[in-house]
Amino acid sequence: MRRLFWLAVAAAVAWWFVRRRGGSDDSGATIGYADGSAVTFEHGSPELDRFLDVATEARNG
Amino acid sequence: MTRASVGAVEPSEALDELTTLSSQIQDVAILGESGFVLASTGTPERGERLARAAADLLTVAADARTGGDVTRVEVRQPEGSLFVVVEAGRTAVATTVAEPTAGLVLYDLRTALRRLEEAPKPKPRRKRSTSA
């Protein structure tokens, strides 16, 4: 029973850690053009950092 | 009143409607053709900050891909998103709550821009032909 308890604690910690990492990656930018096309920059692309900088400054000042 | 002007509103009215209808939009500003603030929620400084952000985002977006006019920019962050929509020379820029319904926010911003009252443009005069 005690072993089961610690197993549940370990699973909860692992779940929290995965959720936390997933949340921090939840950034992106999408640009739409007049011709109907769109470009999306996901986490890890160098262009995204520029968009995030502007957005953060606009939100926080 | 002409049929084309039915439903047209002032920028401040459009903002009031927008913030009343959309619970996801936090701050919003409507900008004129040269980027000046026509109306905004919050303080004038907040409006100016949103105007600068819109100009910067449109510049970064234009740099990201050459060719093609940028009509919308959406930047998603865990704490919320920033939207810029360009339509008929006017721009709407808005901050939202976290994980907004992007399609709905874009629709509301576009609708607000479309409802703005347009200044009547003078009709070009047609030259009469002088042929005998």
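I number residues from 1 along each chain as its sequence is written, with chains lettered from A and ligands numbered from 1 in the order in which they are written. Since the model is predicted, local features need pLDDT of at least 70, side-chain atom pairs count only at pLDDT 80 or more, and totals for chains, interfaces and linings use all residues.

**Confidence.** A reminder to myself: where pLDDT is low, the predicted coordinates should not be read in detail.

**Chain inventory.** I took helices (H or I, at least four residues) and strands (E, at least two) as DSSP runs, numbered from the N terminus. Chain A has two helices and two strands, in the pattern α-β-β-α. Chain B has three helices and five strands, and its pattern reads α-β-β-α-β-β-β-α.

Next I checked burial. A residue is buried if 20 or more other C-beta atoms lie within 10 Å of its own, exposed if 12 or fewer, and partly exposed in between, with C-beta atoms placed from the backbone. Of the 61 residues in chain A, 16% are buried. For the 132 residues of chain B, the figure is 39%.

**The sheet.** Which strands make up the open sheet, and in what order? I read seven strands, β2(A)-β1(A)-β3(B)-β4(B)-β5(B)-β1(B)-β2(B), with antiparallel pairing. Two strands pair if DSSP finds at least two bridges between them. The edges are β2 (38–42) of chain A and β2 (37–40) of chain B, each pairing on one side only. The twist averages 10° from one strand to the next.

I followed two of the pairings. Six bridges join β1(A) to β3(B), running antiparallel. There, A:Gly28 has B:Arg76 as its bridge partner. Within chain B, six bridges join β1 (residues 25–31) to β5 (residues 90–96), also antiparallel. B:Val28 is partnered by B:Ala94 in β5(B).

**Helices on the sheet.** Here axes are lines fitted to C-alpha atoms, for helices over the stretch in contact, and angles run from 0 to 180 degrees between N-to-C directions. Contact means C-beta atoms, placed from the backbone, within 7 Å. Helix α2 (residues 46–60) of chain A lies across β1 and β2 of chain A together with β3, β4 and β5 of chain B, at about 80° to β3(B). Helix α3 (residues 102–114) of chain B lies across β1, β3, β4 and β5 of chain B, at about 40° to β4(B).

**Helix pair.** How do α2(A) and α2(B) pack? The angle is about 175°, with axes 9 Å apart. That makes the two helices roughly antiparallel (angles under 35 degrees count as roughly parallel, over 145 as roughly antiparallel, 65 to 115 as roughly perpendicular and the rest as oblique). Residues making the contact include A:Phe51 and A:Val54 of α2(A), and B:Leu50 and B:Leu57 of α2(B). The contact residues divide into eight nonpolar, no polar and five charged. My classes: Ala, Val, Leu, Ile, Met, Phe, Trp, Tyr, Cys and Pro are nonpolar, Asp, Glu, Lys and Arg charged, and the others, Gly among them, polar.

**Whole interface.** The contact takes 23 residues from chain A and 23 from chain B. On the side of chain A, α2(A) gives the largest share, nine residues. That side divides into ten nonpolar, seven polar and six charged.

How values were computed. Contact = placed C-beta atoms within 7 Å.
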